[in-house]
Amino acid sequence: MHDEPIDPFNGDPADPAAGLHDPREDDPLDPLTEVEKQDVLEDLADLEIYQALLQPIGVRGLVIECEDCREPHYFDWDLLRGNLRHLLSSGRPRVHEPAYDPDPDHYVSWDYARGYADGVHDTLTEGTEDAAEE
């Protein structure tokens, strides 16, 4: 199983993108700081919780407002997980473009997912606290 989508043109001499140059490759690579690494690891852990809670009710992933293009980007769970792992290992985000014709009703924001998870946690905790008081 792969953590990220497989490049269908990997190793193909007829790769249509073979001649393109990624200008970011020339930029000096600043490794992630320990704080940034910890943030990405926490995002990965949160993502597992959000997927476990939200996927059964039909949520396919998260929507993120792109700082570069000011458009919403829709990521399914596996793609977002792969992007975070790539950031962790390489120190730089992947090149991205908006998804083709996603259904926004099937995606939620990080804030919504966090609030949903917090609500589930609070509900479960209240039930435990009530039982302990009895």
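Glutamate 34 forms a salt bridge with lysine 37, and their closest N and O atoms are 3.6 Å apart. A salt bridge here is a side-chain nitrogen of Lys or Arg within 4 Å of a carboxyl oxygen of Asp or Glu. The model is predicted: local features need pLDDT of at least 70, side-chain atom pairs count only at pLDDT 80 or more, and totals for chains, interfaces and linings use all residues. Residues are numbered from 1 along each chain as its sequence is written, and side-chain values use heavy atoms, with hydrogens and water left out.

Glutamate 34 and lysine 37 are three residues apart in helix H1, so about one helical turn separates them. Helices (H or I, at least four residues) and strands (E, at least two) are DSSP runs, numbered from the N terminus. Glutamate 34 is exposed, with a relative accessible area of 60%, while lysine 37 is partly exposed at 30%. Buried means under 20% relative accessible area, exposed means over 50%, and partly exposed lies in between (1.4 Å probe, protein chains only).

The structure holds four salt bridges. In one of them, glutamate 48 pairs with arginine 81, with 2.6 Å between the closest N and O atoms. This pair links distant parts of the chain, since glutamate 48 is in helix H1 and arginine 81 is in helix H2, 33 residues apart. Arginine 81 also meets aspartate 78 in a salt bridge (2.8 Å, N to O). These two residues are three apart in helix H2, so about one helical turn lies between them.

Is arginine 81 buried or exposed? Arginine 81 is buried, with a relative accessible area of 8%. Its two partners are partly exposed: glutamate 48 at 39% and aspartate 78 at 44%. Side chains of opposite charge can pair when their charged atoms come close.

## The sheet

Three strands form an open sheet in the order S2-S1-S3, with mixed pairing. Strands S2 (72–76) and S3 (107–109) stand at the edges with a single partner strand each, so one side of each has no neighbour in the sheet. From one strand to the next, the twist averages 35°. Two strands pair if DSSP finds at least two bridges between them.

Strand S1 (residues 61–65) and S3 pair in the parallel sense over three bridges. Glycine 61 has tyrosine 107 as its bridge partner in S3. Helix H2 (residues 77–90) lies across S1 and S2 and runs at about 100° to S2. Axes are lines fitted to C-alpha atoms, for helices over the stretch in contact, and angles run from 0 to 180 degrees between N-to-C directions.

## The nonpolar core

The largest nonpolar core has 17 residues, and those with the most contacts inside it are Tyr50, Leu54, Leu62, Trp77 and Leu80. Helices H1 (34–54), H2 and H3 (110–133) are the elements that give two or more residues to this core. H1 gives the most, with five residues. A nonpolar core is a set of buried Ala, Val, Leu, Ile, Met, Phe, Trp, Tyr and Cys residues joined through side-chain atoms within 4.5 Å.

Leaving aside neighbours within four places in sequence, leucine 80 is in contact (heavy atoms within 4.5 Å) with Leu47, Leu62, Ile64, Phe75 and Trp110.
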